[in-house]
Amino acid sequence: MSHKRGRQEAEAVEPDLPITPMLDMSFQLLAFFVFTFQPAPTEGQLAMALPKEEGSPTASSVPDISNDKPETFVIRVEATEQGQLGGMSIYVKDAADQKPQPIPPSYDGMLAELKKRTAELKGKPSKLTLEIGSGLVQESVIRLLDVGQQAGFTDIAPVPVDPKKR
Amino acid sequence: MSHGASERCEPNLIPMLDLVLQLVMFFMVVSNFVMEQVNQTIQLPQAVSAKPLDKKDDYIIFLNVNKDGHVLLSGLDAQRNDAQVGEDKDKNLTNRVQILNHMKRLYEEDIRAAGGDRSKPPRSTVILRVDKATPFGDADKGVYAVMKACRAAGYERVQIRAIIHSAAPAS
């Protein structure tokens with residue numbers, strides 16, 4: 001008689017998985033990741049032309065066989081002791097008169113000068129070389145590259161002012 | 001009037017648990033996504049003309065450069081550097097010779113992965129993440145030294161990273 005009652009009790013048991021503690025722990029984990037989540041600012045790239053290197057493995061780029069030799073503008077940028085923008089001057093490479101002409105030492109001044117010069121070229125291809133003082137900080141270098149691209153230059157090469165240190 | 005046996009009413013928590021776990025997985029994946037490439041210690045400058053990554057550029061090499069002009073290595077690059085050089089516990093490349101050797105190693109791996117054809121340029125694009133306070137420098141140190149090392153190793157496609165800004169900062 002006791003065996004029959006025991007079997008009935010055994011059949012009545014229903015296993016139950018407690019979900020509530022698991023849900024509680026999941027919320028704890030979620031809260032942790034939500035509070036520690038830091039979205040990164042959108043990053044982009046600025047392309048630039050690297051100086052040619054003697055003896056580097058790859059061959060130089062395909063030579064330009066067009067008759068239009070690009071006009072190369074060179075902007076010389078001096079740096080202050082704090083690494084900020086100092087004096088600026090511009091000249092045209094391979095021109096008869098290569099004496100640097102001072103331009104206003106500001107990014108707006110540089111942009112205006114470059115736009116004026118490219119407008120005078122009337123569609124002729126052009127390049128921009130930035131001769132940069134060694135103390136100038138990257139933030140200013142990026143601004144210079146940025147201004148060059150805003151002025152319409154796609155081939156911009158940053159190099160040190162001193163040719164011996166290139 | 002007789003009362004029936006009391007019934008327990010419980011909300012179904014399983015779909016809620018399912019959704020919560022989905023959210024947890026999302027935040028776990030997003031927080032770890034490209035963490036090795038995006039070094040948060042590098043404060044990037046801002047640029048209006050900066051363009052997002054081109055989808056054609058499948059193979060990217062990120063170089064993180066700090067204020068001292070040192071290239072910071074992480075993850076697999078750091079382990080490989082330790083194995084090759086046997087030193088540099090700080091996992092930084094501190095002079096142009098180390099940077100050049102590192103870039104030459106990457107170049108050789110690139111060429112090997114592309115079938116060994118040295119007449120073609122390497123498939124990877126090098127992206128420099130340079131701190132905004134790093135001096136431009138010259139051939140021996142600074143940003144220019146890193147650029148020169150990339151070029152000397154054979155990489156022609158080198159780009160500089162900046163935070164995309166909608167309006168130019170005041171001059």
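## Contacts and make-up of chain B

In chain B of this predicted model, residues 24 or more positions apart account for 68% of the contacts that have a separation of 6 or more. Chain B has 171 residues, and 34% of them count as buried.

The secondary structure of chain B consists of 4 helices and 6 strands. Along the sequence these elements follow the pattern α-β-β-β-α-β-α-β-α-β.

## Strand 5 of chain B

Strand 5 of chain B covers residues 125-130. Because 6 of its 6 residues are buried, strand 5 of chain B is largely enclosed by the rest of the structure. In a regular strand, side chains alternate between the two faces of the sheet. In strand 5 of chain B, both faces are covered. Thr125(B), Ile127(B) and Arg129(B) are buried on one side, while Val126(B), Leu128(B) and Val130(B) are buried on the other.

Strand 5 of chain B has pairing partners in strand 2 and strand 6 of chain B. With strand 2 of chain B (residues 60-65), the pairing is parallel and runs over 6 bridges; here Phe62(B) stands opposite Ile127(B). With strand 6 of chain B, the pairing is also parallel and has 3 bridges; in this case Val126(B) stands opposite Val158(B). Between strand 5 and strand 6 of chain B, the chain passes through helix 4 (residues 143-153) of chain B, and this β-α-β crossover is right-handed.

Where does Ser124(B) lie? Ser124(B) belongs to the loop between helix 3 (96-113) and strand 5 of chain B. A residue is buried only if 20 or more other C-beta atoms lie within 10 Å of its own. Ser124(B) has 19 such atoms within 10 Å and is therefore partly exposed.

Leaving aside residues up to four places away in sequence, Ser124(B) touches Tyr59(B), Ile60(B), Ile61(B) and Asp110(B). Met147(B) is 23 residues from Ser124(B) along the chain, and the C-alpha atoms of these two residues are separated by 15 Å.

## The sheet of chain A

In chain A, 5 strands form an open sheet in the order 4-3-2-5-6, with mixed pairing. Strand 4 (101-103) and strand 6 (156-160) of chain A are the edge strands, each pairing on one side only. From one strand to the next, the twist averages 25°.

Why is strand 5 (residues 126-132) of chain A described as largely enclosed by the rest of the structure? The description applies because 5 of its 7 residues are buried. Strand 5 of chain A also pairs with strand 6 of chain A, in the parallel sense and over 5 bridges, and Leu128(A) stands opposite Ile156(A). Together with helix 4 of chain A, these two strands make a right-handed β-α-β unit.

Lys122(A) is located in the loop between helix 3 and strand 5 of chain A. Its phi is near 55°, a positive value in a residue other than glycine. Lys122(A) counts as exposed because it has 6 C-beta neighbours inside 10 Å.

## Where the two chains meet

In the contact between the chains, 47 residues of chain A meet 53 residues of chain B. On the side of chain A that touches chain B, the elements giving two or more residues are helix 2 (20-36), strand 1 (43-47), helix 3 (107-121) and helix 4 (138-150) of chain A. Helix 2 of chain A gives the largest share, 10 residues. By type, the residues on this side of chain A divide into 24 nonpolar, 15 polar and 8 charged.

Strand pairing also links the chains: strand 1 of chain A runs antiparallel to strand 6 (residues 158-164) of chain B, joined by 5 bridges. In this pairing, Glu43(A) has Ile163(B) as its bridge partner.

## Confidence in chain A

The mean pLDDT of chain A is 82, and 83% of its residues reach 70 or more. Among the elements of chain A, the highest mean pLDDT, 92, belongs to helix 4, and the lowest, 58, to helix 1 (residues 2-12).

Notes: Residues are numbered from 1 along each chain as its sequence is written. Chains are lettered from A and ligands numbered from 1 in the order in which they are written. This is a predicted model: local features need pLDDT of at least 70, side-chain atom pairs count only at pLDDT 80 or more; totals for chains, interfaces and linings use all residues. Two strands pair if DSSP finds at least two bridges between them. Axes are lines fitted to C-alpha atoms, for helices over the stretch in contact, and angles run from 0 to 180 degrees between N-to-C directions. Two residues are in contact if their C-beta atoms, placed from the backbone, lie within 7 Å. Ala, Val, Leu, Ile, Met, Phe, Trp, Tyr, Cys and Pro count as nonpolar, Asp, Glu, Lys and Arg as charged, and the others, Gly among them, as polar. pLDDT is the predictor's confidence in each residue, from 0 to 100. A residue is buried if 20 or more other C-beta atoms lie within 10 Å of its own, exposed if 12 or fewer, and partly exposed in between; C-beta atoms are placed from the backbone. A crossover is right-handed if, with the strands pointing away from the viewer, the path from the first strand over the helix to the second runs clockwise.
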